[in-house]
Amino acid sequence: MGAKDSKNGSDSTEPSIHVDRNAPHNPSVDLGRIEAAVREILDAVGEDPDREGLLETPARVARMYAEMFAGLKSDAGRHLSKVFTEDYDEIVLVRDISFCSMCEHHLLPFTGKAHIAYLPSGKVVGLSKLARVVEEVARQPQVQERLTQTVADLVEDRLSARGVAVVCEATHSCMTMRGVRKPGSLCLTSAMRGSFRDDPKSRAEVLGLINRDARMMAW
Ligand SMILES: [Zn+2]
């Protein structure tokens, strides 16, 4: 191995650290208590928490929960605080925002996509900020219904949007891997606000855009 190879090898001393200043952080997470609790669960199911393969599991699970519940104590609406004045009053739609959340009934993940549309009233927001909101609302013990409504309320409130439509589709591990065990089942939820709720024509238009064949949009 020459110097050039080792420089690009896995033992590189300069890992690229990406610090995301907009990432949520939950100071309430007590890693030590989670570790103790996970050890207790392993013990309670008849496992040996001290066998080699499980030694680091409690600490790993604690870090995972810190990540999954990072949005619990933060205001996801802060991502919508920077708005731009724009003379545009038609539909803005961001489709296929992937998310992974944690079902609060079973502490099992549900994963899927969110579609967010709004009708601006002179103010628009950076499109990635809508994805930020979904990401943060998802990072707490959740149910899909509340996630959908919370995102809609935040967009309506912070952007003073004339209309908001949020549609979420997700598969729930608690339905696919336990209980009724129905892999492939999809849960759809929607929250309509303002003119998307009150005006059937506006609602039909936005739902048509959300449901439009993705291949047709790829131009
Ligand atoms: Zn569940």
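This is a predicted model: local features need pLDDT of at least 70, side-chain atom pairs count only at pLDDT 80 or more; totals for chains, interfaces and linings use all residues.
**Group meeting: the sheet, the core and a listed site**

Residues are numbered from 1 along each chain as its sequence is written.

Some terms. Strands (E, at least two residues) and helices (H or I, at least four) are DSSP runs, numbered from the N terminus. Two strands pair if DSSP finds at least two bridges between them.

Now the sheet. S2 and S5 pair in the parallel sense, over two bridges. They belong to an open sheet of five strands in the order S5-S2-S3-S6-S7, and the pairing is mixed.

Helix H5 lies across S2, S3, S5, S6 and S7, and runs at about 25° to S7. For that angle, axes are lines fitted to C-alpha atoms, for helices over the stretch in contact, and angles run from 0 to 180 degrees between N-to-C directions. Contact means that the C-beta atoms of two residues, placed from the backbone, lie within 7 Å.

Next, the core. A residue is buried if 20 or more other C-beta atoms lie within 10 Å of its own, exposed if 12 or fewer, and partly exposed in between, with C-beta atoms placed from the backbone. A nonpolar core is a set of buried Ala, Val, Leu, Ile, Met, Phe, Trp, Tyr and Cys residues joined through C-beta atoms within 7 Å. The largest one here has 33 residues, and those with the most contacts inside it are Ile 116, Val 134, Val 151, Val 155 and Val 166. At least two residues of this core come from each of S2 (92-103), S3 (108-119), H4 (127-138), H5 (144-159), S6 (163-172) and S7 (187-194). Take Val 155: leaving out residues up to four places away in sequence, it touches Leu 80, Ile 116, Tyr 118, Ala 161 and Val 164.

Now a site from a record. In an unreviewed entry, UniProt lists Cys 103, His 106 and Cys 174 under "binding site". They are spread over 72 residues of sequence but cluster in space, with a largest C-alpha distance of 7.8 Å. UniProt positions are given in the numbering used here, feature names are shortened, and annotations may be inferred rather than shown by experiment.

Cys 103 is in strand S2, and Cys 174 lies in helix H6. Is Cys 103 buried or partly exposed? Cys 103 is partly exposed, because it has 18 other C-beta atoms within 10 Å. Cys 174 has 15 and is also partly exposed. Beyond four places in sequence, the contacts of Cys 174 are Cys 103, His 105, His 106, Leu 108 and Gly 179.

Last, two loop residues. Leu 107, in the loop between S2 and S3, is not a glycine, yet its phi is positive, near 55°. Leu 107 counts as partly exposed, because it has 13 C-beta neighbours inside 10 Å. Arg 181 is in the loop between helix H6 (173-176) and S7, and has a positive phi of about 50° although it is not a glycine. Arg 181 is exposed, with 9 other C-beta atoms within 10 Å.
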